[in-house]
Amino acid sequence: MTPAIRFLKQQKIVHTLHTYQIENPTGRYGLDAANALGVSPDRLYKTLLVALNGDQKKLAVCIIPVSKSLNLKLAAKCFGAKKAEMANPDIAERTTGYVVGGISPFGQKKRLPIAVDESAEVFDFIFCSGGKRGLQIELAPQHLISALKASSAQLTEPNH
C-alpha cells in the first residue's frame, strides 16, 4: 500500500484504484497511461513539482492534465512568485518520497503548496497517480482539492 492510498483511507475519501501496464511505451508516460486505461488524457492528471524564484528548496506542486504542458508563468503567479522552473527530479523524489513518473499528490513526505489546474472542475471524476507507476486513483476533483487544501488555478494554456 502506497502512502497515497494510506492517506485516502485515513481521510475516508471515496476513490477507485486502477492498475495498468503499458505495452508499447512511447516515452510520453502520462499519455501512455491514459491509453492503457482507456481514458481521455484530459482526465488523467500528472503531478509536477516546481521551484519558485530559482530556489530548489522552495517547492510547490502543480497538478495538470497529461494532455497539456505546464505554463511556468501561470504557476509562478498562482504561488505568488516572480518565476517558476521545473524542480530538479532528484529533489522532487527526495521531497515527495515518490519516483518521477509515479509522484502522487497524496501522502507526500513534505507538505507543499498545491494548485490544481482549473480544467479538473469540469469532470465528475479525474485520475491521478497512486504513488507508483502502473497505479492510478480515480476520484472527484473536489475531493482532490479539499483533501490537499489545494487551490484551483489556470496552470495551462486554454484550448483554442
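**Helix packing, salt bridges and pockets**

In helix H5, which spans residues 141–148, the buried positions are Pro 141, Leu 144, Ile 145, Ala 147 and Leu 148; the model described here is a predicted one. An α-helix has 3.6 residues a turn, so residues three or four places apart point the same way. The cover over the buried residues of H5 is drawn from several parts of the chain, including helix H1 (3–10), strand E3 (55–65), strand E5 (114–117), strand E6 (126–129), strand E7 and strand E8 (151–153). After H5 comes Lys 149, a residue with a positive phi, near 50°.

A search of the whole structure for salt bridges returns two. In one of them, the side chains of Arg 43 and Glu 138 meet with an N to O distance of 3.8 Å. Because Arg 43 lies in the loop between helix H2 (29–37) and strand E2 (45–52), whereas Glu 138 belongs to strand E7 (residues 135–139), this pair ties together parts that are 95 residues apart in sequence. Arg 43 has a relative accessibility of 24% and therefore counts as partly exposed, while Glu 138, at 17%, counts as buried, the cut-off for burial being under 20% relative accessible area. The side chains of Lys 83 and Glu 85 also form a salt bridge, with an N to O distance of 3.9 Å. Here Lys 83 is partly exposed at 45% relative accessibility, and Glu 85 is likewise partly exposed, at 28%.

Two pockets were examined. The largest pocket has a volume of about 590 Å³ and a lining of 27 residues, among which Lys 46, Thr 47, Leu 48, Val 100 and Gly 101 lie nearest its centre. H2, E2 and helix H4 (89–96) each contribute at least two residues to the lining of this pocket, and the largest share, five residues, is supplied by E2. By residue class, the lining of the largest pocket comprises 14 nonpolar, nine polar and four charged residues.

The second largest pocket holds about 200 Å³ of space. Its lining consists of 14 residues, and those nearest the centre are Phe 7, Pro 105, Gly 107, Arg 111 and Leu 148. The lining of the second largest pocket divides into seven nonpolar, three polar and four charged residues.

Note on methods
Residues are numbered from 1 along each chain as its sequence is written. This is a predicted model: local features need pLDDT of at least 70, side-chain atom pairs count only at pLDDT 80 or more; totals for chains, interfaces and linings use all residues. Side-chain values use heavy atoms; hydrogens and water are left out. A salt bridge is a side-chain nitrogen of Lys or Arg within 4 Å of a carboxyl oxygen of Asp or Glu. Helices (H or I, at least four residues) and strands (E, at least two) are DSSP runs, numbered from the N terminus. Buried means under 20% relative accessible area, exposed over 50%, partly exposed in between (1.4 Å probe, protein chains only). Contact means heavy atoms within 4.5 Å. On a 1 Å grid over the protein atoms alone, a cavity is a set of points where a 1.4 Å probe fits but cannot get out, and a pocket is an open set with protein on both sides within 12 Å along at least five of seven lines; lining residues have an atom within 4 Å of a point. Grid points are joined across faces, edges and corners, and a volume is the space filled by probe spheres set on the points. Ala, Val, Leu, Ile, Met, Phe, Trp, Tyr, Cys and Pro count as nonpolar, Asp, Glu, Lys and Arg as charged, and the others, Gly among them, as polar.
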